[in-house]
Amino acid sequence: MASGDFPYALDEPAAWRGLAPESLRAVPCPHAPAGTHACRFAPESKVALFRQVAALGARSEVRCLLLAEPERAPAEGEVAVIAEDLRRWLAAHPGPFPHPIGLLCSGAPYPCGPTPLCETTPEGRRQDEAEALQTLFTRSESLAEAIEMAFGTLPPQEREFVHAWAHRPDPNHPSRPIAIYLLAEQFHFSRRKGFKILAAAKSLNPTVYARLDALRKQRLRKTGAWQVRG
């Protein structure tokens with residue numbers, strides 16, 4: 001039986017002694033936003049793979065994890081790890097993965113293949129949306145324009161309310177998004193009207209509303225520990 005096929009507790013002891021520094025390294029990717037990168041990892045066992053996937057869960061600079069066959073030649077009595085082993089180990093992972101994960105490709109436009117792997121996974125799409133919304137957050141005029149396009153039938157003051165709801169912090173807790181009732185008070189609305197405006201916005205354009213809600217929550221995470229978790 002090949003190394004790494006044994007149950008979790010019985011896998012090769014060497015996997016628990018840590019990873020060789022050269023087995024994990026950053027890989028530039030033209031699709032990765034500034035400050036992020038793909039991560040190449042050459043696991044020598046299923047346990048090593050599972051542990052590394054867990055260890056990368058809080059690393060916001062990691063765009064995706066790409067697996068490669070180990071470069072070192074197997075020692076006497078060892079069985080070489082091949083791509084099929086990597087695929088089998090991935091299939092055995094209980095999930096969910098904290099980042100998009102696949103096999104490293106050479107000679108392709110992207111390190112993951114002909115098209116970005118992150119565009120094909122829910123987590124990758126969520127990251128793209130969060131990054132796009134964060135860009136809008138830093139450009140308030142663009143965010144206002146996006147809200148006007150999505151919720152153009154709302155009165156101007158109500159669109160301003162939606163805009164403020166998406167990015168304004170709580171006046172007493174800057175690391176938190178503002179509570180709806182507090183925002184309603186600032187706009188001299190009743191609490192009921194504040195909730196009614198947001199319900200109307202959600203009904204008009206559920207997709208944009210969901211993205212604004214993600215922006216609201218994303219802002220909270222980045223103001224804290226700058227951790228993006230999938």
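Which residues do ring pairs link into a cluster? Ring pairs join Phe161, Phe187 and Phe189 in this way.

**View 1. The whole chain of the predicted model.** Residues are numbered from 1 along each chain as its sequence is written. In this predicted model, local features need pLDDT of at least 70 and side-chain atom pairs pLDDT 80 or more, while totals for chains, interfaces and linings use all residues, and side-chain values use heavy atoms, without hydrogens and water. The chain has eight helices and four strands (DSSP runs: helices are H or I of at least four residues, strands E of at least two, numbered from the N terminus). Their order from the N terminus is β-β-α-β-α-β-α-α-α-α-α-α. Of the 230 residues, 40% are buried (under 20% relative accessible area, 1.4 Å probe, protein chains only).

**View 2. The ring pair of Phe161 and Phe187.** The whole structure holds four aromatic pairs (rings of Phe, Tyr and Trp, the last by its six-membered ring, with centres within 6.5 Å; planes under 30 degrees apart are stacked, over 60 edge-to-face, the rest tilted). In the pair of Phe161 and Phe187, the centres are 5.4 Å apart and the planes stand at 75°, so the pair is edge-to-face. Phe161 belongs to helix H5 (residues 156-167), and Phe187, 26 residues apart from Phe161, to the loop between helix H6 (180-186) and helix H7 (191-204). Phe161 is buried at 0% relative accessibility, and Phe187 is buried at 11%.

**View 3. The ring pair of Phe161 and Phe189.** Here the centres lie 5.8 Å apart with planes at 50°, so the pair is tilted. Phe189 sits in the loop between H6 and H7, 28 residues apart from Phe161. Phe189 is buried, with 11% relative accessibility.

Notes:
Buried < 20%, exposed > 50% of the residue type's maximum accessible area, 1.4 Å probe, protein only.
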